[in-house]
Amino acid sequence: MEIFHISAECYPVAKVGGLADVVGALPKYLNKLGHTAKVVVPGYDNKFTQENEFDIVHKGLLKLGWFQFSYTILKEKTNKLGFDLYLIAIPELFDRPNVYSYEDDTERFTAFQIAFLNWLTETNQQLDVIHCHDHHTGLIPFMVQFCYNYPHFKNTPTVLTIHNGQYQGWFGFDKIHYLPDFDRGRSGFLEWGGVINPLASAVKCAWKVTTVSPSYLDEISNEANGLENLLRFERSKLVGILNGIDTDVWNTQTDEMLHANYTLKGFKKGKAANKAFLCEQFNLDPKLPLFTFIGRLVGEKGADLLPQICSVALNEFYQKLNILILGSGDTNLERGLQNLQNFYHGNFNTYIGYNEKLAHIIYAGADFLLMPSRVEPCGLNQMYALRYGTIPIVRRTGGLKDTVYDFGDGGFGICHDKASVFDVTHSMYRGIQLYADTKTFDAIIKTTMQIDHSWDKVAEEYSAVYQSLIN
Ligand code: GLC
């Protein structure tokens with residue numbers, strides 16, 4: 001089967017969050033099953049595009065309302081990612097370093113989607129499924145069905161995966177002329193709440209909609225930033241498939257980003273070496289349990305609670321723990337966390353920014369990973385932590401609920417119900433006690449490192465979804 005994945009992110013080409021990790025891994029594992037899965041992302045002006053070589057496979061023009069842009073399809077030369085990677089270069093719109101947060105994001109991603117369909121049409125590509133990820137590619141299921149330019153793909157199945165329903169890509173009907181000509185009687189398929197809502201449109205028009213965990217699927221019928229009723233209405237075409245992690249990349253024995261590699265048997269020494277390296281670099285005490293947070297500093301991840309969580313924990317459990325935070329996001333939060341460094345010198349530190357290598361070392365060297373998320377459609381960080389022998393402390397929500405079970409109930413993590421300072425610090429207290437009970441602590445680490453969250457099984461579930469649409 002030939003499947004095109006279209007997305008704004010794909011690791012290692014362009015990454016902001018977990019979406020990139022999924023799009024960079026799932027296609028590779030689909031290919032292992034014998035499919036031909038290809039990935040299409042915008043051609044950003046970033047490290048990956050500068051450092052890799054590409055063939056030009058197609059050039060064309062696209063219209064966005066009254067604007068016209070030329071686009072170029074570039075194909076990565078070596079296939080080293082395990083799938084064919086195509087970049088759509090639209091210099092005026094994507095020749096910039098970042099993925100999101102430009103004023104013209106509506107224009108950028110609408111043009112990207114039009115270029116994709118123009119290219120497929122102009123080159124008469126044969127394919128079985130178009131798989132869209134999040135709202136940035138959410139207009140495609142509508143366009144293939146109702147835009148006159150793409151008759152060839154009218155009957156091609158489309159799949160939408162919702163990685164994050166909070167962002168929906170809303171824009172006003174004043175920009176409806178951006179879309180190629182379509183049957184105006186169908187504009188209702190674009191609308192939700194009086195505006196054009198690309199995520200809602202994809203939920204309405206895609207043949208199948210998947211969420212990245214079963215629990216998230218249950219939750220979004222009650223809370224989905226305004227889409228609850230629509231999702232309840234479309235429930236029969238929704239399915240929750242828990243993400244996997246790329247175990248080729250996330251392997252303690254071969255991960256080149258680590259300070260020290262380790263096996264299951266040698267985890268104690270290996271983790272200690274990574275921890276010592278971190279403690280040296282960040283001026284922390286290697287004898288104390290190391291708690292960490294890795295990720296975007298935004299409310300959705302509960303990061304707004306971090307300054308208070310850290311000060312309460314560092315006061316109440318004085319000299320009993322270290323905290324290291326890696327992330328970026330809300331500038332007030334970044335500043336607030338950096339300020340704490342002056343007060344808790346020697347037990348607290350931050351790295352504000354994105355640093356993949358450091359993240360790997362922290363997963364290996366930390367003892368506990370905090371994930372107090374308010375919303376967590378799947379969450380991959382807890383799975384990376386488990387695999388590297390770091391115990392996750394999570395709020396029971398979305399994918400966290402599906403992957404982490406409390407050690408008090410015979411599981412291997414620490415769980416709480418609320419995204420509150422009290423719940424999180426209480427869990428940290430339990431962590432400190434667990435760390436002191438070396439025998440139990442080590443046994444839990446051994447358990448976590450053996451949990452199988454690889455993509456192999458998950459790719460089969462996606463494969464079954466595609467198959468059901470083709471039949
Ligand atoms: C989004 C979600 C996260 C999920 C990831 C990959 O970033 O917030 O929970 O793991 O997508 O699906």
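**Where the domains meet**

Mentor: Let's start with the contact count: 19 residues of domain 1 are in contact with 16 residues of domain 2, contact being heavy atoms within 4.5 Å. Keep in mind that this is a predicted model, where local features need pLDDT of at least 70, side-chain atom pairs count only at pLDDT 80 or more, and totals for chains, interfaces and linings use all residues. Residues are numbered from 1 along each chain as its sequence is written, and side-chain values use heavy atoms, with hydrogens and water left out.

Domain 1 covers 2–244 + 455–470 and domain 2 covers 267–449, with bounds from an automatic or database domain assignment. Their C-alpha centres sit 33 Å apart. Together the two domains bury about 1400 Å², 55% of it on carbon and sulfur atoms; buried area is the accessible area (1.4 Å probe) that two parts lose on being put together, summed over both.

The side chains of Lys15 and Glu356 form a salt bridge, at 3.5 Å from N to O.

On the side of domain 1 that touches domain 2, helix H1 (18–32) and helix H7 (214–220) are the elements that give two or more residues; helices here are DSSP runs (H or I, at least four residues), numbered from the N terminus. H7 gives the most, with 4 residues.

Notes
A salt bridge is a side-chain nitrogen of Lys or Arg within 4 Å of a carboxyl oxygen of Asp or Glu.
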